[in-house]
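Here are a few friendly notes to read with the model open beside you. Please take the points in order.

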Amino acid sequence: MNLNIAFFGTSDRATPLLEALNGDPQLNLKLVVTKTDRKMGRHQKLKPTQVKEWAEKHNIAKFELKNQRDFQKKEKALLRELSKQRIDLIIVADFGFMVPETLIQTYKGKIINVHFSLLPKYRGANPVQAAIINGDKETGITFILMEEGLDSGPILHQIKHPLTKKETTGMLYKELFDLAAKRLPETVKKYANQELTPQQQDDSKAEIYYSPSHPKSTYIYKEDAKINWNETPQQIEQKIRAFNPWPIAWTTLEALEHNEKLEDLALREGVDASLRVKIFSAEVVEKEMAEAGSKKSKLIPKTIQVAGKKKTSWENFKNGYAKK
RNA sequence: CGCGGGGUGGAGGAGCGGUACCUCGUCAGGCUCAUAAUCUGAAGACCCCGGUUCGAAUCCGGGCCCCGCAA
């Protein structure tokens, strides 16, 4: 058996998958489809995605897309390229684009989507974040066949992964990508040998986590990372982990002052209370209340960063900013 | 050259033309059965190079580094 494979992906964490595909003697990675270079970073420099860099380094043909509209426009060209390369199977992982209909239909049953949740739970673009935000005990990976609906295709293989309630999105993505890379080649080959029977998803159990700021979208937005102090310390802490490494949960200095959810803090005079503060990590602590013997949970930040300053610990931050 | 903020003792911050201050830490000593508690004392700093000035951490020019927005 010898299969020609195309990989659709944009995530910088996708290299383990590329390595796994490329390293299997029965699989020929022939084409990589990814995003065009983007203006990135502090000086708006044009930078290629890591998927593209990897493809160039390994001398594998690449096909670049600027945005969704560009994808529609180039769909025919891509179809030609796919047939020219005699692609048997397409692997899609953390792609960031909706695959156009014609392509899905043309390659029906030949597109495998690597999705980072236990489908039908958390369909959409933010499955990893959603599992952390909801404080789930486990999540995982699902290999599905792509069809028109949003992550709704039949399941080929599913792998569970326990959660420790400590992981950030960045850490969990890495773990899941590594896990996916380990299982991807054999899953692909088994499917090609018809050893796997696709199982329909139970649509009645489907869950989708929508962006609070954009209720029709499953992407994460910067606004979502603004801390809502009406939530419980646990919820806030889960979001802090979910929004790391991007966009990073944030609030303002004035929101920290005399905040019920935190230990009491008064800012020293002269500091600009409107400055933004990023909270990279925090923990929830149960505190005995003075009387009554009741307990109340408090959020204790651990690593924070005031706009324009360096990342620092909560203790150091208090030494500099709190009134004594 | 996308917009903006900043580099002050070991850490985090004030000061923004004229004796360098605060919180934490460190060291010595006191008080303690004892201490991460408390008291007294001490060491230790203005990123680099030029310029303006009687005088610069503070103003100007250049360099290196860090960060927020934006993606």
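1. At what angle do the axes of helix α1 and helix α6 cross, and within what distance do they come? In this predicted model, the axes of α1 (residues 15–22) and α6 (residues 169–192) cross at roughly 20° and come within 8 Å. Axes here are lines fitted to C-alpha atoms, for helices over the stretch in contact, with angles running from 0 to 180 degrees between N-to-C directions. Helices (H or I, at least four residues) and strands (E, at least two) are DSSP runs, numbered from the N terminus.

2. The two helices, α1 and α6, are therefore roughly parallel to each other, a label for angles under 35 degrees. The crossing of α1 past α6 is right-handed, that is, the near helix is turned clockwise from the far one by less than a right angle.

3. Which residues make this contact between α1 and α6? From α1 come Pro 16, Leu 17, Ala 20 and Leu 21, and they meet Phe 177, Asp 178, Ala 180, Ala 181, Leu 184 and Pro 185 of α6; contact means heavy atoms within 4.5 Å. By class, the α1 and α6 contact has 9 nonpolar, no polar and 1 charged residues. Ala, Val, Leu, Ile, Met, Phe, Trp, Tyr, Cys and Pro count as nonpolar, Asp, Glu, Lys and Arg as charged, and the others, Gly among them, as polar.

4. Now to the RNA. The largest share, 5 residues, comes from α9.

5. Two close pairs are worth a look on screen.

6. Lastly, some backbone details. Cis peptide bonds join Leu 119 to Pro 120, with omega about 10°, and Asn 244 to Pro 245, with omega about 15°. Pro 120 sits in the loop between β7 (111–115) and α5 (127–133).

7. On conventions: residues are numbered from 1 along each chain as its sequence is written, and chains are lettered from A and ligands numbered from 1 in the order written. Local features need pLDDT of at least 70, side-chain atom pairs count only at pLDDT 80 or more, totals for chains, interfaces and linings use all residues, and side-chain values use heavy atoms, leaving out hydrogens and water.

Notes:
Parallel < 35°, antiparallel > 145°, perpendicular 65-115°, else oblique.
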